[in-house]
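Morning, everyone. Please bring up the structure on your screens, and we will walk through it together.

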Amino acid sequence: MPGLRIQYFRGPVWGKTNEQIKKMIVEGNNPITGRPVVQELVEKLTKPLTAEEKKTGELKPNMGPATYTGTPDELQQLFLEKRYTDFMPVILPTEEKVAEMLKGTSHGPDEVLGKMNPQSEAGETWTYTVKTAAINAVMAGAKPEYFPVILAIGSSGQEGISVSDNGFMSGAVINGPIRDEIKLTYEIGAVGPFAQANTTIGRAWNLLSINGANCGKVGTTYMGTVGNPMNAINVIIAENERDSPFKPLSVRRGFKEGENVVTLFRGWGILSAANWKVDAWHNDMNYPQIIKDICDQQGSMFGCIAVLSPPIANFVKDAGYDTAEKFTEFVRQPANAPAAAALAGPAAGAPPAGARAGGPGGGRGGGRGGFGGGGINFTIVVTGASNNNYWMMGAMVPGKAVQIDPWR
């Protein structure tokens, strides 16, 4: 609908008094045209359609030509100007490099991988192929052995960069032996850019979102008011299954032990637990209660995630919460509820918190917001090293979980 009549007025409108809204909108001017808002609004609702507005048809997205020529410096500049990048230099996707990336999967280059748009189930949706993902994986600096993970993420349809003016971010947790196979880091610096696999998988996700789904275009398909630094490469977390006292996240979501699974998240992000007022730093640390107190501060949209280093996870276990499910029950109790009740574990017949809804390779576990009748959506992920008692907290909610091996 290229001729859709749109009325602009100055915003935002929430947080304003009736008098302020009256002045801004009812008595205000269109910030684009300078004309009175109400006068324009009446005209757009009542004037007959023009011949141009009556035209029908289909708009097809233009992803540009299949190939480009030029010097490496010229192509880097072209990719910047065309907004095919994340504003960082890329590995130029030559035919040879793309062919090498495609060796990382048995799937054909023209196979449709998925559909995506800048905001889940809203706006224009683009379709992309395995080859599209390969091109962007090359640009991100990924290796062919990482490609099945990138394809699994791409098959989900979840965008790496949301349009929202809230500045959402995306993340993923990877479980299974593939973590060691492709040298994902889950020790020192586990949630940072300290391994090629973690960094380039997250970046490839973003580049696929930009070039395969038209995401991240400032002013149109990206509207983050302040933005989010985690939009740079997202957060790719390999769980430290070796040192964790709990079952892996994928197993808690219904997959088998040893399956290679990527679980996708979205939310505000994570930061050091020391940034919360309720945290404490002294000799007698009640980590379970501190974690609960932080989660009690979170809103319901993205729930709460605890990214625990192995020492903190073991503190939680030693406090009597020997399973992640049992600790989740405690955290999800109403604030100030006695801890003793949680030690009995989940109610009989109740699914584990965060259990996935569908079969392997799909389905949404948890959801956006709190569970009916029982507190906030809470997720535990164990990663990082054991050199000190540090951990992170934040708001990220799990979505789809996808098996990786079918994309080999």
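This is a predicted model: local features need pLDDT of at least 70, side-chain atom pairs count only at pLDDT 80 or more; totals for chains, interfaces and linings use all residues.

What is the order of its six strands? Read across, it goes E4-E3-E5-E8-E6-E7. The sheet is open, and the pairing is mixed. Strands E4 and E7 stand at the edges, 235-238 and 378-382. Each has a single partner strand, so one side of each has no neighbour in the sheet. From one strand to the next, the twist averages 35°.

A quick reminder on pairing. Strands of a sheet pair through backbone hydrogen bonds, parallel or antiparallel. Take E3, residues 169-175, and E5, residues 261-272. In which sense do they pair? Antiparallel, over seven bridges. Find Met169: opposite this residue, in E5, stands Gly267.

Next, the cysteines. How many disulfides does the structure hold? One. Cys295 and Cys304 form it, with sulfur atoms 2.2 Å apart. The angle about the S-S bond is -60°, and the link is left-handed.

Are these two cysteines buried or exposed? The cut-off for buried is under 20% relative accessible area. Cys295 has 2% relative accessibility, so Cys295 counts as buried. Cys304 comes in at 0%, so Cys304 is buried as well. Look also at Cys215: its relative accessible area is 0%, so Cys215 is buried.

That is the tour. Over to you.

Conventions. Residues are numbered from 1 along each chain as its sequence is written. Side-chain values use heavy atoms; hydrogens and water are left out. Two strands pair if DSSP finds at least two bridges between them. Helices (H or I, at least four residues) and strands (E, at least two) are DSSP runs, numbered from the N terminus. Axes are lines fitted to C-alpha atoms, for helices over the stretch in contact, and angles run from 0 to 180 degrees between N-to-C directions. A disulfide is a pair of cysteine sulfur atoms within 2.5 Å. Buried means under 20% relative accessible area, exposed over 50%, partly exposed in between (1.4 Å probe, protein chains only).
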